[in-house]
Amino acid sequence: MSKITEQNSSENQHQPCKQPESDLYDRFEFRAIRPDEAEQAAEIERVCFPPNEACSKEMMLTRAAAAPELFLVAANKETGQLAGFLNGLATDEDSFRDEFFTDAGLHNPEGRTVMLLGLDVLPEYRMQGLAKELMRIFLHRQRRQNKNLVLLTCLDSKVTMYQNMGFLDKGIANSSWGGEQWHEMSYTIHP
């Protein structure tokens, strides 16, 4: 599940990360998840997170069916396999809570806030800018959908990474998912 932190609010919250100057677009297709890829996403989640933090296969399938518009995948153009993805649920709530991880029924397509539930990149694709580009595209899409805010949670070790993507650290989250202490991170799209 994704946990994020933020820097100084408005100066970097209205412009998503700039487009990379790399070969990511030659190597990956960035698009919505397809129904037949939900199981692949669940397996990537299992690889990327410890068992106490990972979304179950059943929940990933339910989430992909309930909110496919809030899944963004990076598919390897050579193999067709997913290298990574982002996923979330929309809501009108403005604070993260653990139930978003377990209840896709909380998804409200008209909600103005997106609870980002996971940013997953397989180990062999890390350190290439893929996570940052997934986030840049995702935030751009949420802006076009007139969402106001994106929230996520992250461990201490990921706060700086999300700050570098434009998120603000709101402090310790209400979430104790997986028995961990998380930071709640926010990205304001439309104030």
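Biologist: In the hairpin of S2 and S3, which residue takes a positive phi?

Modeller: This is a predicted model, in which local features need pLDDT of at least 70, side-chain atom pairs count only at pLDDT 80 or more, and totals for chains, interfaces and linings use all residues. Residues are numbered from 1 along each chain as its sequence is written, and side-chain values use heavy atoms, with hydrogens and water left out. The hairpin has five residues between its strands. The one with a positive phi, near 80°, is glycine 80.

Biologist: Which strands pair with S2, and in what sense?

Modeller: Strands here are DSSP runs of E with at least two residues, helices are runs of H or I with at least four, and both are numbered from the N terminus. Two strands pair if DSSP finds at least two bridges between them. Strand S1 (residues 28-31) is joined to S2 over four bridges, with arginine 31 opposite valine 73.

Biologist: Is strand S2 enclosed or open?

Modeller: Buried means under 20% relative accessible area, exposed means over 50%, and partly exposed is in between (1.4 Å probe, protein chains only). Phe71, Val73 and Ala75 point one way from S2, Leu72, Ala74 and Asn76 point the other way, and all are buried. Because six of the six residues of S2 (residues 71-76) are buried, the strand is largely enclosed by the rest of the structure.

Biologist: Which residue is 45 places in sequence from leucine 82 and 8.1 Å from it in space?

Modeller: Leucine 82 is placed in strand S3 and is buried, at 2% relative accessibility. Its contacts (heavy atoms within 4.5 Å), leaving out residues up to four places away in sequence, include Arg31, Gln40, Ile44, Val73 and Leu122. Another residue that leucine 82 touches is the one 8.1 Å away, C-alpha to C-alpha: glutamate 37.

Biologist: What does leucine 134 touch beyond its neighbours in sequence?

Modeller: Leucine 134 is among the residues with the most contacts inside the largest core. Leaving aside neighbours within four places in sequence, its contacts are Phe30, Leu72, Val73, Ala74, Gly84, Phe85, Leu86, Leu119 and Val121.

Biologist: Is glutamine 142 buried or exposed?

Modeller: Glutamine 142 is found in helix H6. Beyond residues up to four places away in sequence, it touches Leu70, Val114, Lys147, Val150 and Ile189. With a relative accessible area of 2%, glutamine 142 is buried.

Biologist: How many aromatic pairs are there, and how are the rings of phenylalanine 167 and tyrosine 187 arranged?

Modeller: Rings of Phe, Tyr and Trp (its six-membered ring) pair if their centres lie within 6.5 Å; planes under 30 degrees apart count as stacked, over 60 as edge-to-face and the rest as tilted. That rule gives nine aromatic pairs. The rings of phenylalanine 167 and tyrosine 187 have centres 5.4 Å apart and planes at 55°, so the pair is tilted.

Biologist: Where do those two residues, phenylalanine 167 and tyrosine 187, lie?

Modeller: Both phenylalanine 167 and tyrosine 187 are buried. Their pair ties together parts that are 20 residues apart in sequence, because phenylalanine 167 lies in the loop between helix H7 (159-163) and strand S6 (168-172), and tyrosine 187 in strand S7 (residues 183-188).

Biologist: Is methionine 127 buried or exposed?

Modeller: Methionine 127 has its place in the loop between strand S4 (113-121) and H6. Its phi is near 65°, a positive value in a residue other than glycine. With a relative accessible area of 86%, methionine 127 is exposed.

Methods. Core = buried A, V, L, I, M, F, W, Y, C linked by side-chain atoms within 4.5 Å.
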